[in-house]
Every structure is written in structure tokens, then in C-alpha cells.
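Have a look at the fold first, then go through the notes below.

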Amino acid sequence: MEVRLSSNFRRPGVGLKPRREANRPLLPQHARHCPVLEAGSALGFMVYAPLEPKESLYVEFEGDGIYKFVYYLQTQDGKRNPLFQVTMTLSIGGVGMMKEEVTFVGAPLLSRDAALAVARAFIIPEDMGTPAGAIALRGATNFQTPPGWDTVYSPIFNMIERPVAPMLIVRVETDWYAHETEFRYVLQAGEGITIEPSLPIGQVFFMPREDITFRNCTDEELKSFEESRLEFNQQKAAAVQKTSYGLSVSPHYLRQSRAKKPHGE
């Protein structure tokens with residue numbers, strides 16, 4: 001299947017390309033030897049913010065409809081230096097006009113309108129606060145799927161470190177609708193998210209729009225399933241190995257999975 005890519009319209013060509021990533025370094029050591037968990041992590045592709053290598057952001061929900069966006073540039077000594085901050089205040093109830101206040105750190109290097117344009121390359125102010133505490137992050141890449149296929153936008157799978165901000169998962173018919181990639185996290189008052197060029201802001205995967213039907217297995221199918229399960233367990237036990245950390249793992253599932261894939265995948 002071929003999925004067509006286009007850049008963030010406000011910052012074309014900026015940001016890392018989507019990529020698969022099966023590893024989650026902060027998971028327990030034993031989880032790193034679980035092929036089905038790694039396959040779950042690698043479902044779809046990581047998506048990144050449209051940031052240059054020396055840029056970073058901080059977005060915070062301060063409560064009562066107030067959001068803070070801070071734009072940073074890295075100095076020659078490697079420190080992050082804030083250039084400006086945008087404070088967004090929503091109308092009571094989240095409906096109506098939004099107040100945007102720009103504060104520069106030091107002498108302004110750009111105009112107020114230019115600073116707001118920079119902020120809008122990374123966030124979608126119109127979608128902030130829906131629901132309360134929601135922040136809308138733009139991705140560096142948009143997706144156009146072939147006919148009959150949708151794009152699902154999700155948080156990063158198997159990121160279990162606490163605290164983890166919840167995210168609204170959406171499924172978009174990107175074969176006909178020109179959807180700009182957006183990840184909408186929901187924060188509590190006082191919570192914020194740091195966004196850097198090498199840190200993914202979300203994950204996408206692609207699903208066909210086709211009906212799914214269910215039926216019960218026949219007796220012959222149940223018998224075949226049980227025989228296959230017993231045979232697999234025996235072969236898995238026979239292939240058990242010890243890791244350098246003393247853990248017992250079996251590579252049998254991974255070997256079988258690779259053997260069933262077309263050559264070269």
C-alpha cells in the first residue's frame with residue numbers, strides 16, 4: 001500500500017519524517033524481549049513536530065481557560081533560551097473570542113503577528129480547550145491514503161511512564177479529506193508538554209474501511225487451533241535462551257514471524 005505524504009503547510013520540509021519504532025527504552029528489560037509487544041509499538045508510524053534541530057517548545061494549561069506557549073532556541077553553548085511566550089485566554093465557556101498576549105524575552109526579534117504565526121505552525125488555537133484542558137499539536141507530516149483507507153491518530157503506544165496525558169484518538173477518511181495532522185492531548189491545570197525535534201508527538205496507523213463479520217469456529221477448526229497451540233508451546237519451550245541479564249526468553253515466535261514474511265521485509 002502506498003500512502004502519500006505532504007509537509008506541514010506552515011513549515012514545509014521542516015521536522016523528522018514519520019518512522020516505525022518498536023523500542024521503548026524505559027520499559028522493563030524483560031519487555032524488550034517480547035516480540036508481540038514490540039510489534040504493537042511499531043504499529044504505524046511515529047510523527048514529529050515541525051521543528052528545526054535547535055528549536056523546542058513548551059505548551060501548558062494553566063487552568064480557567066488559560067494556555068501558555070513558549071518558543072525556545074538553542075544557544076551555542078547548548079542551552080535552551082526562550083524567545084517569546086504567547087498566553088491564550090479563552091472566553092468563559094470556551095465559546096467566543098480568544099485573547100492572545102505576546103511577551104518577548106529581551107529585545108524582540110520579530111513582530112507580534114510574526115510570533116503568533118510561529119505559534120500557529122505548532123498548535124491550533126481554535127481547537128484548544130475542546131474539551132477543557134485540551135491542547136492541539138500540529139504534526140510535521142500530513143497523510144493521504146489510497147481509496148478505502150483511513151488514518152488513525154493516536155498517542156504513542158506502550159509509553160507507560162507516569163504521568164501520561166490522555167489523548168483524543170480520531171479516525172479520519174484521509175483518502176478524500178485533506179486533514180492536517182493534529183494530536184489533541186488533554187491536560188490538567190498546571191500540566192505542560194515539552195516538544196523537541198527528536199521526540200514524537202503521536203503515532204498514526206492506517207485502516208481499511210471494510211465490514212467485519214464474525215462466525216463461530218467449527219469443531220474441526222477448534223481442534224486444529226488447539227493442536228497448533230500445543231505444538232507452538234513445545235517448540236517455544238525448546239528454544240528458550242538466557243540473556244546476559246539472566247532472563248529466560250524464547251525467540252521462537254520472532255523466528256516464525258520472520259519466516260512467514262516475504263523475503264526482504
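N158 sits in the loop between β9 (149–154) and β10 (167–168); strands here are DSSP runs of E with at least two residues, helices are runs of H or I with at least four, and both are numbered from the N terminus. It isn't a glycine, yet N158 has a positive phi of about 60°. This is a predicted model, so local features need pLDDT of at least 70 and side-chain atom pairs count only at pLDDT 80 or more, while totals for chains, interfaces and linings use all residues. Residues are numbered from 1 along each chain as its sequence is written, and side-chain values use heavy atoms, with hydrogens and water left out.

- N158 counts as partly exposed, at 28% relative accessibility (buried is under 20% relative accessible area, exposed is over 50%, partly exposed is in between, using a 1.4 Å probe and protein chains only).
- D64 is another non-glycine with a positive phi, about 55°, and its place is the loop between β3 (55–63) and β4.
- With a relative accessible area of 78%, D64 is exposed.
- The T130 to P131 peptide bond is cis, with omega near 0°, and P131 belongs to the loop between α2 and β7 (134–138).

**Largest pocket**

- The largest pocket holds about 930 Å³ of space.
- Its lining has 30 residues, and the closest to the pocket centre are I156, M159, E161, Y185 and P200.
- On the method: a pocket is an open set of points on a 1 Å grid over the protein atoms alone, with protein on both sides within 12 Å along at least five of seven lines, whereas a cavity is a set where a 1.4 Å probe fits but cannot get out; lining residues have an atom within 4 Å of a point.
- Grid points are joined across faces, edges and corners, and the volume is the space filled by probe spheres set on them.
- β2 (45–48), β13 (192–195) and β14 (200–208) each give at least two residues to this lining, with β13 making the largest share at four.
- By type, the lining of the largest pocket splits into 19 nonpolar, five polar and six charged residues (Ala, Val, Leu, Ile, Met, Phe, Trp, Tyr, Cys and Pro are nonpolar; Asp, Glu, Lys and Arg are charged; the others, Gly among them, are polar).

**Second largest pocket**

- About 310 Å³ of space lies in the second largest pocket.
- A22, P35, E38, A39, A42, Y253, L254, S257, R258 and K261 line the second largest pocket.
- Two or more of these residues come from each of α1 (35–41) and α4 (252–260), and α4 has the largest share, four.
- The second largest pocket's lining is six nonpolar, one polar and three charged.

**H252 in α4**

- H252 is part of helix α4 and is buried, with a relative accessible area of 8%.
- Leaving out residues up to four places away in sequence, H252 touches F232, Q235, K236 and A239 (contact means heavy atoms within 4.5 Å).
- The side chains of H252 and Q235 make a polar contact at 3.1 Å (a pair of N or O atoms within 3.5 Å; within protein, one must be able to donate a hydrogen and the other to accept it, and residues adjacent in sequence count only if both atoms are side-chain atoms).

**The buried side of α2**

- In α2 (residues 112–120), A115, L116 and A119 are buried.
- These residues are on the same side of α2 because they cover an arc of only 100° around the axis, judged by the directions from the helix axis to the C-beta atoms.
- The cover over the buried residues of α2 includes β4 (66–74), β5 (80–90) and β6 (98–104).
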